[in-house]
Amino acid sequence: MKIAALVSGGVDSSVAVHLLKEQGYEPVIFYIRIGMEEKSGYVGCPSEEDLEITTLIAKKYGCRFETVSLHDEYWEKVVSYTIESVRRGLTPNPDVMCNRYIKFGCFEDRWGKDFDKIATGHYATTAEIGGRTWLSTARDPVKDQTDFLGQITGLQISKLMFPVGHLMKSEVRKIAAMQKLPSARRKDSQGICFLGKINYNDFIERYLGRQQGEIVERETGRTVGTHNGYWFHTIGQRKGLGLSGGPWFVIEKDIERNIIYVSNGYDPETQYGTTVGIQGFHFITEDPWGEFDDAKEITFKIRHTPEFTRGVISRRGSLYRIESEKKIQGIAAGQFAVVYDSESRLCYGSGMIV
């Protein structure tokens with residue numbers, strides 16, 4: 001079997017290569033350059049340390065190694081999407097789009113098509129049911145990354161391998177240490193995939209600038225401060241508001257008037273809701289329900305957390321609506337609601353919150 005292994009220099013993808021070799025495979029290692037780059041020369045280069053470690057992994061295991069570039073595609077599919085979403089007052093999820101369109105989209109079109117399988121260091125698994133391949137959750141609930149994969153396609157999941165998906169993170173670290181992998185003690189990457197070490201607000205300001213507006217207390221209508229543009233803030237945000245007497249939470253944004261609405265207190269009622277509207281719902285493998293008039297029991301996530309929330313999903317035409325069993329914090333338009341079966345095992349797919 002011909003396997004392409006996407007390796008980033010992190011411990012998870014490094015251990016994935018080790019496990020593939022243990023199983024008798026001879027993967028070809030690919031490092032994808034997807035750092036932010038554009039004509040004016042503003043560059044967030046991929047870490048040279050990432051590339052160096054990936055090179056060492058390839059040498060250690062005697063794997064063929066290729067460095068490939070998807071800069072232009074990344075700008076078009078991920079970075080531009082992020083900027084436009086923020087401009088519209090939405091909360092984007094670049095990592096979701098990167099997985100669908102870059103790692104398993106453009107890469108497949110150019111290089112992956114020549115391989116039987118594509119292996120990554122994602123914490124996820126697959127399940128074979130009824131002759132179809134389904135995306136399923138990882139053994140480690142804290143590291144599970146199926147929510148970031150909620151927009152991939154059925155064809156993509158049928159080709160994917162997740163060698164570390166059946167392991168706890170502690171076990172992955174232990175294997176890396178025992179094998180003396182150069183990535184064994186590396187910290188997990190944090191933040192938006194394309195920014196690297198670039199500050200998020202600096203990135204947003206470069207493209208959207210600043211425009212002063214009011215911060216208004218939702219319950220009283222009282223102006224409590226100012227901000228530099230609604231695009232710097234997201235629903236549920238607590239830090240970075242510069243207000244005294246907190247904590248304060250961002251509850252709502254008026255993008256026409258450039259107003260941020262906030263609530264004060266450790267647990268303000270206004271930051272919670274139970275209804276999640278979804279448009280453009282995307283099923284990964286297939287629609288498990290078809291046309292239905294009742295409500296289906298599900299579990300779901302609206303952000304990257306270890307916990308699943310129970311609820312029911314209903315459908316009206318092309319629109320889906322989730323009613324949560326309990327109140328949830330920070331329902332933000334533009335984010336993805338990721339839907340699972342009632343046992344939180346199979347990931348059915350996701351749609352954008354409206």
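**View 1. V172 sits in helix α6, which covers residues 169-178.** Helices here are DSSP runs of H or I with at least four residues, strands are E runs of at least two, and both are numbered from the N terminus. This is a predicted model, where local features need pLDDT of at least 70, side-chain atom pairs count only at pLDDT 80 or more, and totals for chains, interfaces and linings use all residues. Residues are numbered from 1 along each chain as its sequence is written, and side-chain values use heavy atoms, leaving out hydrogens and water. With a relative accessible area of 0%, V172 is buried (under 20%, with a 1.4 Å probe and protein chains only). Leaving aside residues up to four places away in sequence, V172 touches V11, D12, V15, Y123, V164 and L167 (heavy atoms within 4.5 Å).

**View 2. Helix α1 spans residues 11-22.** Ten of its twelve residues are buried, so α1 is largely enclosed by the rest of the structure. Just after α1, look for G24, with a positive phi of about 95 degrees.

**View 3. Here α1 and α6 pack at an angle of about 70 degrees, with axes 10 Å apart.** Axes are lines fitted to C-alpha atoms over the stretch in contact, with angles from 0 to 180 degrees between N-to-C directions. The two helices are therefore roughly perpendicular (65 to 115 degrees). On the α1 side, the contact is made by V11, D12, V15, H18 and L19, and on the α6 side by K169, V172, R173, I175 and A176.

Methods: Buried < 20%, exposed > 50% of the residue type's maximum accessible area, 1.4 Å probe, protein only. Expected span 1.5 Å × (residues − 1). Parallel < 35°, antiparallel > 145°, perpendicular 65-115°, else oblique.
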